[in-house]
Amino acid sequence: MNVLSLHQPLWEKLQARRAQLPHALLLHGQQGLGKLALARAFAASLLCDAPRSDGQACGDCPACHWLAQGNHPDFRLLQPAALAEDDGDGESPAAASGSKKPSQQITIDQVRGLDDFLHVGTHRQGLRVVIVCPAEAMNRNTANALLKTLEEPLAATHFLLVSHEPDRLLPTIRSRCQTVAVATPDLSAGSAWLEAAVAGLGHDEAQRWLALAGGAPLLAAELAAPPEGGRKGSKGGENRNLALLTELNAQLAQGARLSPLAAAAALDKTLKADKEEGGAGGLKQLVIWWQKWLVDLTLARAGNPARYFLAEGGALRQLGEQADTEELFRFNRLLTKYKALSEHPLNTRLFLEELFSGYAGVFQQGRGRRS
Ligand SMILES: [Zn+2]
């Protein structure tokens, strides 16, 4: 399940650059490729006292032990509190304090906190490594604070920035980094990894999730087997993503026959059940899938096979014949607008009703019936 097996050529390139490693690297690529795991493995490799012949950290030396325990003195990981890996157990300070939600942003205090770390000698007379992930989770002030650090390169110090959306970074930050593109692995490598990573996942199912995840194996693994840790009252083994996706597909496949009110009620119910189990971000996920559905619908309209929804090719072909191209683009713009609102909807049911109503309008009969 080692992520490096998905990115072997890139790993070799990174290793080849060790001798003249730039001050800052920007690893970018779509979400769910394992970029953070890759950055971590590279950091471990740089800090390790005796890396293996393929460059991977030995896992046995004092440096590797410290890193594994999260207390290597020459390593820092800057990420939003909401993404910190040890949360969700109900015991972390953020959860215990109750009222305050953990931040979705990397804060300026986190960046300022690097000052002391960067301006004393390294503890182990070796390298010092800072990972910033995702780098786009910095607002302008935070990014400017980091920029000051990037503008004054320090000896033996390396920054690894990780980004799914490098276009959202300040151009001045981007220009201080050497960019490293993390490619999406080909489908056969991706699905082989996915089958090994998710117990009990069949070949067809693996292909299906991988397609839906746009070829990103780690994202596909998350969809195929969402984490259950810390979930209260989680129904054992039930895949909440699958429930949401199945319901959404069933509604969207109805095209012109869709009832916006009934569809919104059904999805609202599924989202509520998910929320009771501690799931979050269900609505945003739903909008993202919907956007992918529109891509497939547009492809189907032009007589091309589905890219994301492999199992729904037949339904998409039929719908493609009934869809109005102009209305399809109009609805796509609406969906983009709603995606921005999907994390904080005022009223989920109403939100869904408006979207389903817009979707029904994409189809000829739907427009006739609506007016
Ligand atoms: Zn080691």
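Visitor: Which spacing do the donors of the zinc ion follow along the chain?

Guide: This is a predicted model, in which local features need pLDDT of at least 70 and side-chain atom pairs count only at pLDDT 80 or more, while totals for chains, interfaces and linings use all residues. Residues are numbered from 1 along each chain as its sequence is written, and side-chain values use heavy atoms, with hydrogens and water left out. Donors are N, O and S atoms within 2.8 Å of the metal (3.2 Å for Na, K and Ca), and because water is not among the atoms, sites may look incomplete. For the zinc ion, the donors follow the spacing C-x9-C-x2-C-x2-C.

Visitor: What is the geometry of the zinc ion site, given its 4 donor atoms?

Guide: The zinc ion is held at 2.3 to 2.4 Å by the SG atoms of C48, C58, C61 and C64. Four donors count as tetrahedral if all angles lie between 85 and 135 degrees, whereas four are square planar and six octahedral if opposite donors are over 155 degrees apart and all others between 65 and 115, and anything else is irregular. The angles among the 4 donor atoms here run from 102 to 118°, and the site is tetrahedral.

Visitor: Is C61 buried or exposed?

Guide: A residue counts as buried under 20% relative accessible area, as exposed over 50%, and as partly exposed in between (1.4 Å probe, protein chains only). By that rule C58, with 26%, is partly exposed. C61 has a relative accessible area of 8%, which means that it is buried.

Visitor: How many helices and how many strands are in the protein chain?

Guide: Helices (H or I, at least four residues) and strands (E, at least two) are DSSP runs, numbered from the N terminus. Counted in this way, the protein chain has 18 helices and 5 strands.

Visitor: With which residues is T149 in contact, leaving aside its neighbours within four places in sequence?

Guide: T149 belongs to helix α7 (residues 140-151), and it is buried, with a relative accessible area of 12%. Contact means heavy atoms within 4.5 Å. Once the neighbours within four places are set aside, the residues that T149 contacts are H23, L118 and F159.

Visitor: How many aromatic pairs does the structure hold?

Guide: Rings of Phe, Tyr and Trp (its six-membered ring) pair if their centres lie within 6.5 Å, and their planes count as stacked when under 30 degrees apart, edge-to-face when over 60, and tilted for the rest. The number of such aromatic pairs in the structure is 8.

Visitor: How many residues apart are W290 and Y359?

Guide: W290 and Y359 form an edge-to-face aromatic pair, with 5.9 Å from centre to centre and 70° between the planes. The pair links distant parts of the chain, since W290 lies in helix α14 (residues 282-301) and Y359 in helix α17 (residues 348-360), and their separation is 69 residues.

Visitor: Which residues do ring pairs link into a cluster?

Guide: At 0% relative accessibility W290 is buried, and Y359 is likewise buried at 0%. Both belong to the cluster linked by ring pairs, whose members are W290, F331, F356, Y359 and F363.

Visitor: What is the phi of A156, which is not a glycine?

Guide: Most residues other than glycine have a negative phi, and most peptide bonds are trans. This chain has a cis peptide bond from C133 to P134, with omega near -15°, and P134 is placed in the loop between β3 (128-132) and α7. A156 lies in the loop between α7 and β4 and is partly exposed, with a relative accessible area of 33%. Although A156 is not a glycine, its phi is positive, at about 60°.

Visitor: What percentage of the 371 residues in the protein chain is buried?

Guide: Among contacts in the protein chain with a separation of 6 or more, 71% join residues 24 or more positions apart. Of its 371 residues, the buried part is 45%.
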